[in-house]
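Trainee: I would like to go through this structure with you, one topic at a time.

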Amino acid sequence: MEHTKDKVVIITGASSGIGEATAKLLAQKGAKVVLAARREERLQAIVNEIKQEGWEAAYYKADVVSSEDMQKLAQFALKQYGRIDVLVNNAGVMPVSRLNELRIAEWDQMIDVNIKGVLYGIAAVLPIMREQQTGHIINISSVAGHEVNQTSAVYSATKFAVRAISEGLRKEESPSSHIRSTIIAPGITETELLNTVNSPEVIAMASHFSGLAISPYSIARAIAYAINEPEDTGVNEIVIRPTAQP
Ligand SMILES: NC(=O)c1ccc[n+]([C@@H]2O[C@H](COP(=O)([O-])OP(=O)(O)OC[C@H]3O[C@@H](n4cnc5c(N)ncnc54)[C@H](OP(=O)(O)O)[C@@H]3O)[C@@H](O)[C@H]2O)c1
């Protein structure tokens, strides 16, 4: 059965990487995708590409650390398509480093984007989904949301938090059975995420692992699977990583 066609799906962080791949894949499956991020020219180009292939897409420039932007994004999707079926809270940054480097501004940035951004997304769509009596919130965590390494303390903390928030949402909403909650936990994936790293130690280490990276479409296919399951089936967590990732 095909359950994705005509669903209205908002995707944050859709200007590159996993978000871009997810927008393109879902559009090909007949979803109406609303792409959000800060780099407007990238969003415009991706939406043009999707539309040229005959699919439906729109974009809205939004910074996930602004609760106001996220509210406006939800209102834009409603105005454009009349409903919101799915929010993919995908925007994220990963300026990892050891705690003793004291990169406090980067800790703040990760907490703001990776945790508060997810919460502001939920705040923007949850009342609408409750009113509709249907909805699906997909939050992108990470393998780093399951395990901590020597440079991932703060990043992992944010991705553990994403899993806690997703599971809390699932438990809160399960009695009404209207709103589904999914955690997607990718491993090393070929995207622009490493551009957010500034620690020389991590930049040097990253070159050892970058050869392992899998396509962002591997992650997009997992997101598409969770969306396409019937309404009575909650796909609650999927971990996807390179076969060779230690
Ligand atoms: N790549 C991996 O190996 C990997 C592994 C595990 C988990 N993840 C997670 O996957 C998600 C997507 O990352 P990616 O790997 O696809 O990296 P990416 O290519 O760097 O994409 C990150 C996206 O987030 C957006 N973004 C960053 N800050 C934002 C903000 N303040 N407001 C709105 N959008 C913002 C960026 O767009 P703008 O700059 O245009 O705003 C971009 O579209 C992240 O949550 C990341 O933590 C990635």
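Trainee: To start with the helices, is the crossing of α3 and α4 left-handed or right-handed?
Mentor: The crossing of α3 and α4 is right-handed, where right-handed means that the near helix is turned clockwise from the far one by less than a right angle, and left-handed means anticlockwise. Please keep in mind that this is a predicted model, in which local features need pLDDT of at least 70 and side-chain atom pairs count only at pLDDT 80 or more, while totals for chains, interfaces and linings use all residues. Residues are numbered from 1 along each chain as its sequence is written, and side-chain values use heavy atoms, with hydrogens and water left out.

Trainee: At what angle do α3 and α4 pack, and how far apart are their axes?
Mentor: Helix α3, which covers residues 67-81, packs against α4 at an angle of about 35°, and their axes are 8 Å apart. Helices (H or I, at least four residues) and strands (E, at least two) are DSSP runs numbered from the N terminus, and axes are lines fitted to C-alpha atoms, for helices over the stretch in contact, with angles running from 0 to 180 degrees between N-to-C directions.

Trainee: And which residues meet there?
Mentor: From α3 there are Ser 67, Met 70, Gln 71, Ala 74, Gln 75 and Leu 78, and they meet Tyr 120, Gly 121, Ala 123, Ala 124, Val 125 and Ile 128 in α4. Sorted by class, the contact of α3 with α4 has 8 nonpolar, 4 polar and no charged residues. Contact means heavy atoms within 4.5 Å; for the classes, Ala, Val, Leu, Ile, Met, Phe, Trp, Tyr, Cys and Pro count as nonpolar, Asp, Glu, Lys and Arg as charged, and the others, Gly among them, as polar.

Trainee: What about α1 and α7, how do their axes cross?
Mentor: The axes of helix α1 (residues 17-28) and helix α7 (residues 216-228) come within 8 Å and cross at roughly 50°. The two helices are therefore oblique to each other, since angles under 35 degrees count as roughly parallel, over 145 as roughly antiparallel, 65 to 115 as roughly perpendicular and the rest as oblique. The crossing of α1 and α7 is right-handed. Residues in the contact include Ile 18, Ala 21 and Leu 25 of α1, together with Tyr 217, Ala 220 and Ile 223 of α7. By class, this contact of α1 with α7 has 11 nonpolar, 2 polar and 2 charged residues.

Trainee: Then α1 and α2, at what angle do their axes cross?
Mentor: The axes of α1 and helix α2 (residues 40-52) cross at roughly 20° and come within 10 Å, and α1 and α2 are therefore roughly parallel to each other. The crossing in which α1 passes α2 is right-handed. Glu 20, Ala 23, Lys 24 and Ala 27 of α1 make the contact with Ile 46, Glu 49 and Ile 50 of α2. By class, the contact of α1 with α2 has 4 nonpolar, no polar and 3 charged residues.

Trainee: New topic, how many salt bridges are there?
Mentor: The count comes to 17 salt bridges, taking a salt bridge as a side-chain nitrogen of Lys or Arg within 4 Å of a carboxyl oxygen of Asp or Glu. One of them joins Glu 173 and Arg 130, at 2.6 Å from N to O. That pair links distant parts of the chain, with Glu 173 in helix α5 (residues 153-173) and Arg 130 in helix α4 (residues 104-132), 43 residues apart.

Trainee: Is Glu 173 buried or exposed?
Mentor: Glu 173 is buried, because its relative accessible area is 2%, whereas Arg 130, at 49%, counts as partly exposed. Buried means under 20% relative accessible area, exposed over 50%, and partly exposed in between (1.4 Å probe, protein chains only).

Trainee: What does Arg 163 form with Glu 237?
Mentor: Arg 163 forms a salt bridge with Glu 237, and the closest N and O atoms are 3.2 Å apart. This pair also links distant parts of the chain, 74 residues apart, from Arg 163 in helix α5 to Glu 237 in strand β7 (residues 237-240). There is also a network of salt bridges that links Lys 7, Arg 180 and Glu 231.

Trainee: One more thing, what is the phi of Leu 102 near?
Mentor: Phi of Leu 102 is near 50°, a positive value in a residue other than glycine. Leu 102 lies in the loop between β4 (86-89) and α4, and Leu 102 is exposed, with a relative accessible area of 58%. Asp 6, which is not a glycine either, has a positive phi of about 70°, and Asp 6 is found in the segment before β1 (8-12).
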